[in-house]
Amino acid sequence: MKIEDSLLLLDQLHKSSFVWHENHWVFPDAFHAHSKGQLIFVEEGFQYLHTVDQVYLLPQNHAAWIPSNLPHRSASTASNVYLRNLFYDCDLEADFYAHVQIFSVPKVLREMILYTEKWSMNRANNPIEAAFLRALLLELPDFAKNSVSLSIPVTANAQLLEVVDYLFQNYAQQGSLEDLALRFHFSLRSLQRLFKKETGITMAKYLQLIRCIKAVELLSNSTLMISEIAYLVGYKSVQSFSNSFFNLLGKRPQAFIHP
């Protein structure tokens, strides 16, 4: 069954929860939404999760909670992505379930998710499956307590989109912000003002955030050393990379290395 057909199936199921594990995941291009909330666990590879106003990175061994009826789409340039998805009719009122959540998956949650493989694509009601999945859902806020939000704000401003696209494609370059402003026919002051207004952060911090997000992608999905990754994403020293990484994400780069 195609991914698009399976997504359409979700809202037709007469089940409170549904398990869908898929290796070699193929990502639909368009935004979509479904009435069930979704827990995505990335066992292999990485993916970017797009909502209307944010882009989130899900590295290997991380998970995302997507609230019901939230338009979203995913993308990845990894050679293979293995996703384990759990879908829920979510009636819980805790604030956690109303927002996108990105978090590193602790060992006990990982084992629980892997255990659900026995029910993958099962359309029949199973009381044991339902009880197990409900317990997992109820514990999610505790599992995600030490979460790190790997997100980048986006903008609908057409002029600024060109600048943002350029930063995404050239984040490792050492050019100045003045050169960037000239390239897109802005004065530095007007570009900085517009950037802060549209994204909520400065251009310098935005570039740092892009670099750190790209670094997380490499840390979780390659055999490169931290020093190599630091230079690849545009830092001149490992120390400045590590400090910038910690200031933005609250963890050192080593925390995102997975065996």
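This is a working chat about the side chains of one predicted model.

Reader: What kind of model is this, and how are residues numbered?
Author: It is a predicted model: local features need pLDDT of at least 70, side-chain atom pairs count only at pLDDT 80 or more, and totals for chains, interfaces and linings use all residues. Residues are numbered from 1 along each chain as its sequence is written, and side-chain values use heavy atoms, with hydrogens and water left out.

Reader: Salt bridges, then. How many?
Author: The whole structure has 9 salt bridges. A salt bridge here is a side-chain nitrogen of Lys or Arg within 4 Å of a carboxyl oxygen of Asp or Glu.

Reader: Which residue pairs with Lys 36?
Author: Asp 89, at 3.3 Å, N to O. Lys 36 sits in the loop between β1 (17-22) and β2 (37-44), and Asp 89 in the loop between β7 (82-88) and β8 (101-104). They are 53 residues apart. Helices (H or I, at least four residues) and strands (E, at least two) are DSSP runs, numbered from the N terminus.

Reader: Is Lys 36 buried or exposed?
Author: Lys 36 is buried, because its relative accessibility is 2%. Asp 89 is partly exposed at 36%. Buried means under 20% relative accessible area, exposed over 50%, and partly exposed in between (1.4 Å probe, protein chains only).

Reader: What does Asp 91 bridge to?
Author: Arg 134, with the closest N and O atoms 3.1 Å apart. Asp 91 is in the loop between β7 and β8, while Arg 134 is in helix α3 (residues 127-143). Asp 91 is exposed at 54%. Arg 134 is partly exposed at 32%.

Reader: Which residues form a salt-bridge network?
Author: Glu 43, Arg 84, Arg 110, Glu 111 and Glu 117 are linked that way.

Reader: Now Arg 211. Where is it?
Author: In helix α7 (residues 203-221). Arg 211 is buried but has no salt bridge. The nearest side chain of opposite charge is Asp 179, 12 Å away. For charge, Lys and Arg count as positive and Asp and Glu as negative; His and the chain ends are not counted.

Reader: What does Arg 211 touch?
Author: Leaving out residues up to four places away in sequence, its contacts include Tyr 171, Gln 174, Val 233 and Tyr 235. Contact means heavy atoms within 4.5 Å.

Reader: How many residues are in the largest nonpolar core?
Author: 59 residues, and Val 163, Phe 241 and Phe 245 have the most contacts inside it. The largest share, 10 residues, comes from α7. Another core, of 21 residues, lies apart from it, with Phe 41 and Leu 109 among them. A nonpolar core is a set of buried Ala, Val, Leu, Ile, Met, Phe, Trp, Tyr and Cys residues joined through side-chain atoms within 4.5 Å.

Reader: Aromatic pairs: how many?
Author: There are 14. Phe 46 and Tyr 48 make an edge-to-face pair, 6.1 Å centre to centre, with 85 degrees between the planes. Tyr 166 and Phe 184 are also edge-to-face, at 5.7 Å and 75 degrees. Rings of Phe, Tyr and Trp (its six-membered ring) pair if their centres lie within 6.5 Å; planes under 30 degrees apart count as stacked, over 60 as edge-to-face and the rest as tilted.

Reader: Which parts does the Tyr 166 and Phe 184 pair tie together?
Author: Tyr 166 lies in helix α4 (residues 158-169) and Phe 184 in the loop between α5 (177-183) and α6 (188-199), so the pair ties together parts 18 residues apart in sequence.
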